[in-house]
Amino acid sequence: MSRVAGVLASAFACAAARGAAPIPCGGEVPLWPGRVPGEVPGAYGPERWVKQNNETHVYNVTVPTIKRFCAAPSAGGPPSGAAVVVAPGGGYQILTIDKEGSDVAAMWNRAGADAYVLKYRVPARPAVAGLPKWWAPLQDAQRAVGLLRAQAAALGLSADKIGFNGFSAGGHLTGHISTAWGTRAYTPVDAADAASCRPSFGVLVYPWYLVDGNEAAGTALSQEVANVTAVTPPAFLAANQDDPAAPFQNSVQWALHLAAAGVKGNRLVINPDGGHGFGMCQQIGPGHECCSWPEQAQEWLRYRGVLLPKPATGAVLTP
């Protein structure tokens, strides 16, 4: 963001936290009204956006933001009342901000939900005593969900329809906030942090490192996501058998642990091929079964009453 845009965005963020002004359609605002927790000035940066292999990578994020993508033509709220926080992947080193971010947001908009692309902090910060592994993205995710829930009425959202959709490392982040929403990983900074940061649901696409060591043969979950209980949000999971970077067993074990904890209504989709990082098949083409995950996830959410029933051809979604 430019300096002027950053000043305006900061004003929006402060106002939103006070309940004065919602994030506008197309608006991108900093998550934190002041100093970002745990950040050391000058340790990273400057932020860089680089086009590589037909996708945009973001490096050195020190000012995490959320950007609103509206399903409706105005800021009055989505037809379904639902919102999805979208967390791109990138191994907690970079963010694939278009293929697993803005492109995905557009898909959720077409389904009748608002989407908020989360530009969380990367690269991974050093370990801090008393905080879990990969603590900075968790802080940003907790802040984002809590901020949206605190502003739900002003944004036209149903507070019980705010979910989280992550890819690869963003899939790990989805699991992390799904199990670590009960206690903030930072000292609350304003009234927005009094709102619950529990996602209403999770959509995990080729999630990475949910299983300890990211091992295909593993059955134990990574320590930071191991607190799966009966109140962990239900999940839709999609993965490929030929994924070399995030073995599909990450998704299988997550589904098994959810079921063992008594979490009902989950859906697990394992496809034969498509590899890793396929996003919405922007680059590998539509000739793979994994390319149908957006329709399957939408169907899952319609069944759960999060999205409106699919309209007949030519019909228009209405609240």
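## Surface and overall form

Accessible areas come from the Shrake-Rupley method with a 1.4 Å probe, and for residues only the protein chains shown count as cover. On that basis the accessible surface of the protein chain comes to about 12,800 Å², with 56% of it belonging to carbon and sulfur atoms. The model is a predicted one, in which local features need pLDDT of at least 70 and side-chain atom pairs count only at pLDDT 80 or more, while totals for chains, interfaces and linings use all residues. Residues are numbered from 1 along each chain as its sequence is written, and side-chain values use heavy atoms, with hydrogens and water left out.

The secondary structure comprises 7 helices and 11 strands, where helices (H or I, at least four residues) and strands (E, at least two) are DSSP runs numbered from the N terminus. The radius of gyration is 18 Å, close to the 20 Å that the globule rule gives for 319 residues, so the chain is as compact as a globular protein of that length; the radius is taken over C-alpha atoms, and the rule is 2.2 Å times the number of residues to the power 0.38.

## Strand β5

Of the 319 residues in the protein chain, 55% are buried (under 20% relative accessible area, 1.4 Å probe, protein chains only). In strand β5 (residues 83-87), 5 of the 5 residues are buried, so this strand is largely enclosed by the rest of the structure. A83, V85 and A87 point one way from β5, whereas V84 and V86 point the other way.

## Pairing partners

Strands count as paired if DSSP finds at least two bridges between them. β5 pairs in the parallel sense with β7 (residues 114-119) over 4 bridges, and also in the parallel sense with β8 (residues 162-167) over 5 bridges. V85 has Y116 as its bridge partner in β7 and F164 as its bridge partner in β8.

Conventions. Buried means under 20% relative accessible area, exposed over 50%, partly exposed in between (1.4 Å probe, protein chains only).
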